[in-house]
Amino acid sequence: MYPILFNYKIITIGSYGLLLGAAFYISFLLLEREFKLREIDPDLAYKMLIAIIPSAVIGAKFFHILENLEEFLAAPADMLFSGAGLSVYGGFVLSFIVAIILIRSNNQPVLTVFDASSPAMALGYGIGRLGCHASGDGCYGIATNSFLGMAYPNGIVPVSVNVYPTPLFESFMSFVFLIILLKLRKKETKAGFIFFLYLIMNGAARFSVEFIRLNPIAAFGFTQAQLVAIIFIAIGITGMFHINR
């Protein structure tokens, strides 16, 4: 693993930060393209990018703190100002809220914009998870003797035994979802169908992979990410039912 790619005096470039930046930028290019294809004002893509980047980081940090409250209370400053320790689903939740407010304030149909944004979400998620893998930030799976296992001895959170590389699993699935969504958007579908399908697929994938991850149990025998994943799936199924009525 290569958590630090370049370090000179006060300048440090990490693999996670680089890939996270790439995730936002490449996703934005796809988002802008999808908006133009759907005849949505491309300027809205710029506004969403500017609003979503800080909200995603804040939401991701907030959810990570909730997942590791004891660690936060022991050293709050260390966790707050650390570049590591971000919960993807926390970033998703806050970004969705900010995006809805922004879309409505620009008098655009929320579901149509979310349909156009779904491929970009899948792309960004996939690239972002590659950043987790490259930096070895600790979001690994449980120890395993499987041929799929690998160690992260040089990661931000070092692990010398073989564990499931869950970031790679999530990244692979996200790219599969991207292909599916790009194919579906060429067909006539009801507004919201692509977005609700993405919520179901993403939620199902994350719910499943949590069984081999090291996240602590939050409630009802599930991790915090699994509970959010269940909400995503429920919203997706409810949305599907609503648009097909």
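**Cavities and helix packing**

Author: In this predicted model, the largest cavity has a volume of about 680 Å³. A search of the whole structure finds two cavities of 30 Å³ or more, and the second largest cavity holds about 50 Å³ of space. Rolling a probe the size of a water molecule over the atoms shows where empty space is left.

The lining of the largest cavity consists of 30 residues. Nearest to the centre of this cavity lie Phe24, Ile52, Ala56, Phe92 and Ser95. Of the elements, α6 gives the most, with nine residues. By class, the lining of the largest cavity comprises 22 nonpolar residues, seven polar residues and one charged residue.

The second largest cavity is lined by Tyr125, Glu170, Met173, Ser174, Phe177, Asn202, Ala205 and Arg206. The division by class is four nonpolar, two polar and two charged.

The packing of α6 against α7 may be taken next. The axes of these two helices come within 8 Å and cross at roughly 160°. Because angles over 145 degrees count as roughly antiparallel, α6 is roughly antiparallel to α7. The crossing of α6 and α7 is left-handed. On the α6 side, the contact is made by Ser118, Pro119, Ala122, Leu123, Tyr125, Gly126, Ile127, Arg129, Leu130, Cys132 and His133. On the α7 side, the residues are Pro167, Leu168, Glu170, Ser171, Ser174, Phe175, Phe177, Leu178, Leu181 and Leu182. The contact has 14 nonpolar, five polar and two charged residues. Tyr125, Glu170, Ser174 and Phe177 take part in this contact and also line the second largest cavity.

A further helix pair involves α8. Helix α8 (residues 193-209) and helix α9 (residues 224-244) have axes that come within 8 Å and cross at roughly 150°. This angle therefore makes α8 roughly antiparallel to α9. Their crossing is left-handed. From α8, the contact includes Phe193, Phe196, Leu197, Leu199 and Ile200, together with Asn202, Gly203, Ala204, Arg206 and Phe207. From α9, the contributors include Ala225, Gln226, Ala229, Ile230, Phe232 and Ile233. Also among them are Ile235, Gly236, Ile237, Gly239, Met240 and Ile243. The classes are 16 nonpolar, five polar and one charged. Asn202 and Arg206 belong to the α8 side of this contact, and both residues also line the second largest cavity.

Key:
Residues numbered from 1 in each chain as written. Predicted model: local features only at pLDDT ≥ 70, side-chain atom pairs only at ≥ 80, totals over all residues. Heavy atoms only, no water. Axes fitted to C-alpha atoms, helices over the stretch in contact; angles between N-to-C directions. Helix = DSSP H or I, 4+ residues; strand = E, 2+ residues; numbered from the N terminus. Parallel < 35°, antiparallel > 145°, perpendicular 65-115°, else oblique. Left-handed = near helix turned anticlockwise from the far one by under 90°. Contact = heavy atoms within 4.5 Å. Nonpolar A, V, L, I, M, F, W, Y, C, P; charged D, E, K, R; others polar. 1 Å grid on protein atoms, 1.4 Å probe; cavity = no way out; pocket = protein on both sides within 12 Å on 5 of 7 lines; lining within 4 Å. Points joined across faces, edges and corners; volume = space filled by probe spheres on them.
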